[in-house]
Amino acid sequence: MDADSGRVLAASNPDVQLEPASLTKMMTSYIVEHALVKGRLNESDQVRVSEHAWCRGTSAESCMYLPLNGSASVIDMLRGVIIQSGNDASKALAEHIGGSEPAFAEIMNAEAKRLGMKNTNFMNATGLPDPAHLSTARDMATLAQAIIRDNPKYYPIYSEKEFTYNNIKQGNRNALLYTDPTVDGLKTGHTENAGYCLVASSKRGNMRLISVVMGTDSMQARADQTRALFNWGFSSYETIKPLAAGKVLGEAQVWFGRESLVKAGLDRDLSITLPRGQKDKVQAVTRLLPDLEAPIAKGQKVGEVVVTLDGKTIATQSVVAMEAVEETNFIVRLWHHLKRFLSNLF
């Protein structure tokens, strides 16, 4: 998947439900990061480690090795989730935010629905096996895209190669971080049933790709398959941004407003992914909605940009009002009603 445009460049069984194992922790970390960005959590907040969250140090699960009934800061636990894949940190954060891990799973599922992850159901914050705990490659790519897009302050953590807590240093299990400098995330996963899984992202030049590999039979296989996907994607496709956010694309007529026109543009860059060598054939046309009526809120959709390649539509994006337009007074509204009535007659 191209991270900017969201276009899927290649897929095999993208919507088959599989056990995501510790890829699950991407949603746990996403929710924590989002709470930090919104100010609902602070990095220095202390999170208690309950008996349910505490890892007993067996070889059956990944642990940050938090002390029972002790505490650690949110930012340390976030690193423990992302870098060390700590089940203890995931559970402790889940209880801190949701009150209990099952309640946090409901928050995870609500976020999955909001992001458009149509075939995902979370039962826990860690990815430990549960028959109803399932996701898909497409949904995991969607989640990775949201992490990169929505929480850029915390995305660099996904590229950190090691983290030391409680005098225990553990390395990031994403092997590509050590061999490919263009790879900067995201998360590995493994259980006996799930196999070896990897969601990764690579940026080369101004293009970023996301790869999801699930169910391979070894750590080497998931790394090799991801590397092959990236090499093919970057050599075969390119991403262009023909229109930038904030640029005025036109003015739409507004009825019953204090202003008769509203400036229209994009609230995010228009990103298009296409086969290499095709960018000169791309055309983008702005279509503004007729009969807009005040009040108009800033950011409200007032049209769309339609992008074509060789006459075929390849993308659309909403055009929004770049300023608010308030409703005018009663007398002027009556005059506008009359003008619109007469214009429809003739």
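So, the lining of the largest pocket: by class, that's 18 nonpolar residues, five polar and one charged. Keep in mind that this is a predicted model. The space in there comes to about 550 Å³. In total 24 residues line this pocket, and the ones nearest its centre are Ala10, Ala11, Ser12, Ala137 and Val212.

Which element gives the most to that lining? It's strand S7, with six residues. S7 covers 207-216, and along with helix H5, 137-150, and helix H7, 219-236, it's among the elements that each supply at least two lining residues.

Okay, on to the second largest pocket, at about 440 Å³. Here the lining has seven charged residues, five polar and four nonpolar. That's a lining of 16 residues, with Ala3, Asp4, Ser5, Arg149 and Ser271 nearest the centre. And H5 turns up again: for this second pocket, H5 gives the most to the lining, with three residues.

Now the lysine, Lys298. You'll find Lys298 in the loop between strand S13, 292-293, and strand S14, 301-309. Buried or exposed? Exposed, because its relative accessibility is 64%, and the cut-off for exposed is over 50%.

What does Lys298 touch, once we leave aside neighbours within four places in sequence? It's in contact with Ala321, Met322, Glu323 and Ala324. Take Ala324: it sits 26 residues from Lys298 in sequence, yet the two C-alphas are 4.5 Å apart in space.

Terms used. Residues numbered from 1 in each chain as written. Predicted model: local features only at pLDDT ≥ 70, side-chain atom pairs only at ≥ 80, totals over all residues. Heavy atoms only, no water. 1 Å grid on protein atoms, 1.4 Å probe; cavity = no way out; pocket = protein on both sides within 12 Å on 5 of 7 lines; lining within 4 Å. Points joined across faces, edges and corners; volume = space filled by probe spheres on them. Helix = DSSP H or I, 4+ residues; strand = E, 2+ residues; numbered from the N terminus. Nonpolar A, V, L, I, M, F, W, Y, C, P; charged D, E, K, R; others polar. Buried < 20%, exposed > 50% of the residue type's maximum accessible area, 1.4 Å probe, protein only. Contact = heavy atoms within 4.5 Å.
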